[in-house]
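Welcome! Have a look at it first, and then we will walk through it together.

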Amino acid sequence: FELGSNTFYLLDAQTLKSVKQVSFSNLALKLHSTAIVDGHDCFIIHDQNDIIALRCHDLAVLWRFEAHHFGIAATIVSPDGNILYTAGGDGLIKSW
């Protein structure tokens, strides 16, 4: 993953070669964290307004939704992986 890029790369841990990539047009992505979501290890990423969960082993998009209209300032996942919290530029904190 390159900061400010619209492409997310999955690398082989031994060779560091790209084994899979997923791109999102017109997005500057930010990696939030990894979490267990719906029983899957996931990367939680976001762009300006959308939250995206990518399954770690194959980068499949599990879900994507618009979280805030005025940008996402921060995200955090509860320790049990059941709740995603977002803070937006609109001053709102939301739980999903």
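Which residue in S6 is the bridge partner of Ala53? Let us find the answer by starting with the strand that holds Ala53. One thing to keep in mind as you look around: this is a predicted model.

## Strand S5 and its neighbours

Strand S5 covers residues 50-55. On one side of the story is strand S6, made of residues 61-66, which runs antiparallel to S5 and is joined to it by 5 bridges. Here is the answer to the opening question: Ala53 has Trp63 as its bridge partner in S6. Between S5 and S6 lie 5 residues, and the two strands form a hairpin. In that turn, Leu59 has a positive phi of about 60°.

S5 also pairs with strand S4, residues 40-46, again in the antiparallel sense and over 5 bridges. This pair is a hairpin too, with 3 residues between the strands. If you look across from Leu54 in S5, you will find Phe43 standing opposite.

## Buried or exposed?

Are the residues of S5 buried or exposed? The strand is mostly covered, with 6 of its 6 residues buried. Asp50, Ile52 and Leu54 point one way from S5, while Ile51, Ala53 and Arg55 point the other way, and all of them are buried.

A disulfide is a covalent bond between the sulfur atoms of two cysteines. How many disulfides does this model have? The count comes to 0.

The cut-off for a disulfide is a sulfur pair within 2.5 Å. Cys42 counts as buried, at 0% relative accessibility. Cys56 is buried as well, with a relative accessible area of 18%.

Strand S8, residues 84-88, runs antiparallel to S7, and 5 bridges join the two. To see one place where they face each other, find Val77: Leu84 in S8 is the residue it stands opposite.

Notes
Residues are numbered from 1 along each chain as its sequence is written. This is a predicted model: local features need pLDDT of at least 70, side-chain atom pairs count only at pLDDT 80 or more; totals for chains, interfaces and linings use all residues. Side-chain values use heavy atoms; hydrogens and water are left out. Two strands pair if DSSP finds at least two bridges between them. Helices (H or I, at least four residues) and strands (E, at least two) are DSSP runs, numbered from the N terminus. Buried means under 20% relative accessible area, exposed over 50%, partly exposed in between (1.4 Å probe, protein chains only).
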